[in-house]
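Please look over the sequence and the structure below before reading the briefing that follows.

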Amino acid sequence: MTTLLSLPHSPREFGFYLDGAFHGGRPLFERASPAHGVPVSRIPKCTVADLEAAVVAARRAFEDRRWAGLSGAARGAVLLRAADILRRRRDEIAYWEVLENGKPISQARGEIDHCIACFEVGAGAARLLHGDSFNNLGDSLFGMVLREPVGVVGLITPWNFPFLILCERVPFILASGCTMVVKPSEVTSATTLLLAEVLAEAGLPNGVYNVITGSGRSIGQALTEHPDVDMLSFTGSTAVGRSCVHAAADSNFKKLGLELGGKNPIIVFADSDLEDAADGAAFGISFNTGQCCVSSSRLIVERSVAAEFEALVAAKMARIRVGDPLDAATQVGAITTAAQNDTILGYIARGTAEGAQLLAGGQAVDLGRGQYIAPTLFAGVTPDMAIAREEIFGPVLCSLRFDTVEEAIALANDTVYGLAASVWTKNIDKALTVTRRVRAGRFWVNTIMAGGPEIPLGGFRQSGWGREAGMSGVEEYTQTKSVHVELGKRAHWVTG
Ligand code: NAP
């Protein structure tokens, strides 16, 4: 039995999703599979007027309380039905994710399982969302803190995990009672549109989830500037994140959730299980071809074992199966865009020019079609090199060395980012000291990229603002209202 799926015979045309219906009639953007070079989907280039209509629909659906007015249990029931439908459509959605993104099918299926869990956790969160009360204000005053949905949310997602990042946000936005307009990356819009089908079948009222497709420069920018969008959740580059802050300031001070870039350290002490840590390092940079905001791209390794450890990682990298992502055996698929492919190859050339030593990979992999890059390890990297400082967003690991715990912490913090970090040691003192002192929103001890939607995600420093997933993820899409209730007769101010 073959484990290689076939390509579609012709590209599938999608409609954009507005107020409970799919619409066509716009010019189309044709997306080619980055792994195969053949067209797979056609996506509408929506107009700013379409965006306007979507914000109006989302506003109407919010203000008439068709969603926010339901009980948490009723909202949760829709999310649980969506989880069931996703379970049924798992392989189909994973297939479209592979065609547009280039990630391996086995990985994509695992990601859909994670997305199902996001909907289940979101369903629970809808039921558990609550405010607070103050019973300590004296006998004449009672205080309550209500949590209310922020309103209309604009959601902009990137191309590296089109469905996973979407599902780490949508169930939590829905749990809060908000409505939304989603703008996926133009190159990976299919699965965001498929989610519209799933949510409609699950019973989500019209107008609550709208998807407007098109480029970041047109639709994305207009969404960030829109004066009737109450909150913007943006996941993508730090540069565009900065422009979201300006757009919010220049429009209506919309609330912002920002999940941005990273240059994440993996710190390996001599007393760690070096085989485990080497596997973690190879996985941490090669998973999703390193096009991952939490990719561990800076190896910070104790000098006494550095040469041995780098050799272990290089040997692991050489055994990673780079191949056609429609093959179930493939571990590393294609680079998602031609521009990103050029960027990664450019950084590899720069690393060599800067004097770093190539221990693994360092070149494109020719599979006859599509764009692939071998997992790459540079040793002898110094903190001033561009490959050590800038987010490459590809399978390129840079090795830096340290002698003391303090030096390891200083190297790990020597970045403008603060998204994720990992430490490998059998010594509990070192593990916890490093965990406390390294500035990162997500931390792994003797593991990497582990976790589920129960635990919040987000960054320190220039990696972003706010948290997604878990109870924090729902609360992010609410605002609090402090209510003061006088009990009994008021003590009068105007007397006499
Ligand atoms: P990007 O260029 O910033 O694009 C992200 C999204 O923003 C896409 O939907 C894009 O649309 C849109 N966009 C582009 N220009 C825009 C503008 N001027 N105004 C509004 N929206 C605009 O980032 P990317 O290259 O897709 O993704 C890679 C980056 O995302 C990396 O830096 C990575 O670290 C970061 N990331 C962070 C996380 C996290 O959770 N922290 C997760 C994943 C990725 P088009 O693609 O259609 O142009």
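Is Arg 89 buried or exposed? Arg 89 is buried, with a relative accessible area of 13%, where buried stands for under 20% relative accessible area, exposed for over 50% and partly exposed for anything in between (1.4 Å probe, protein chains only). This is a predicted model, in which local features need pLDDT of at least 70 and side-chain atom pairs count only at pLDDT 80 or more, while totals for chains, interfaces and linings use all residues. Residues are numbered from 1 along each chain as its sequence is written, and side-chain values use heavy atoms, with hydrogens and water left out.

**Salt bridges**
- The structure holds 29 salt bridges, each being a side-chain nitrogen of Lys or Arg within 4 Å of a carboxyl oxygen of Asp or Glu.
- One of them joins the side chains of Arg 89 and Glu 197 at 2.6 Å, N to O, and this pair links distant parts of the chain, 108 residues apart.
- Glu 197 counts as partly exposed, at 27% relative accessibility.
- Through salt bridges that share partners, Arg 12, Arg 89, Glu 92 and Glu 197 are joined into one network.
- Lys 103 and Glu 111 also form a salt bridge, with their closest N and O atoms 3.0 Å apart, and both Glu 111 and Lys 103 are buried.

**The annotated position**
- The UniProt record, an unreviewed entry, places the feature "active site" at Glu 259; positions are given in the numbering used here, feature names are shortened, and annotations may be inferred rather than shown by experiment.
- Glu 259 is buried, with a relative accessible area of 9%.
- Leaving aside neighbours within four places in sequence, Glu 259 is in contact (heavy atoms within 4.5 Å) with residues including Arg 169, Phe 234 and Glu 468.

Notes: Helices (H or I, at least four residues) and strands (E, at least two) are DSSP runs, numbered from the N terminus.
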